[in-house]
Amino acid sequence: MRSLSKWVNVCKTSQLKKGEMLDFDHGDKKILLANLDGKIYASDRICTHADADLSTGILTEEGVTCPLHLSTFNLKTGVPENLPAEIPLKIYNVKIEQNEIYIEVN
């Protein structure tokens, strides 16, 4: 049986400006929202290598860089661009309706 996913309202689009990141918790999920050049991405917030909070990292065109060991994760795919991280982040679908940002969680 497939688990049902649902769309969760995270914030208004005005609360996440270009180049900014936002942390969001939903149940036991720790989620990162990032506004990269006007496009909103959502992924797991905790680095797959060493449990660091990526919302305290650096957002660049390459993705989000972990503050601890400097692995950079692609925000479109979740795949790490460099070591030491090797395991991809989970990526969440994002939609914007009436200036509100929603993510799909299951």
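Ala85 touches Thr48, His49, Ser71, Phe73 and Pro80, with residues up to four places away in sequence not counted. Contact here means heavy atoms within 4.5 Å. Ala85 sits in the loop between β7 (72-73) and β8 (91-92). At 3% relative accessibility, Ala85 counts as buried. The classes are buried (under 20% relative accessible area), exposed (over 50%) and partly exposed (in between), with a 1.4 Å probe and protein chains only. The C-alpha atoms of Ala85 and Lys39 are separated by 24 Å, and the two residues are 46 apart along the chain. The loop between β7 and β8 also holds Pro84. The peptide bond from Leu83 to Pro84 is cis, with omega near 15°.

The model is predicted: local features need pLDDT of at least 70, side-chain atom pairs count only at pLDDT 80 or more, and totals for chains, interfaces and linings use all residues. Numbering runs from 1 along each chain as its sequence is written, and side-chain values use heavy atoms, with hydrogens and water left out.

The chain has 10 strands and 0 helices. Both are DSSP runs numbered from the N terminus: helices are H or I, at least four residues, and strands are E, at least two. The radius of gyration is 13 Å, close to the 13 Å that the globule rule gives for 106 residues, so the chain is as compact as a globular protein of that length. The radius is taken over C-alpha atoms, and the rule is 2.2 Å times the number of residues to the power 0.38. Of the 106 residues, 38% count as buried. Among contacts with a separation of 6 or more, 41% join residues 24 or more positions apart.

The largest nonpolar core has 14 residues. Such a core is a set of buried Ala, Val, Leu, Ile, Met, Phe, Trp, Tyr and Cys residues joined through side-chain atoms within 4.5 Å. Cys47, Leu54, Val64, Phe73 and Leu75 have the most contacts inside this core. Strand β3 (residues 29-36) gives the most to the core, with 3 residues. Leu54 touches residues including Met21, Leu32, Cys47, Val64, Phe73 and Leu89, not counting those up to four places away in sequence. A second, separate core of 13 residues includes Cys11, Ile31, Leu33 and Ile40. In soluble globular proteins, nonpolar side chains tend to be buried together.

Asn35 lies in strand β3. Asn35 is buried, with a relative accessible area of 6%. Neighbours within four places aside, Asn35 is in contact with Leu16, Lys17, Lys18, Gly19, Glu20, Ile40 and Leu59.

Ile96 belongs to strand β9 (residues 94-97). Its relative accessible area is 47%, so Ile96 is partly exposed. Ile96 touches Thr13, Ile40 and Ile101, with residues up to four places away in sequence left out.

Two loop residues have a positive phi. Asp51 has a phi of about 60° although it is not a glycine. Asp51 lies in the loop between β4 (39-44) and β5 (58-60). At 65% relative accessibility, Asp51 counts as exposed. Asn99 has a phi near 65°. Asn99 lies in the loop between β9 and β10 (100-105). Asn99 is exposed, with a relative accessible area of 55%. Most residues other than glycine have a negative phi, and most peptide bonds are trans.
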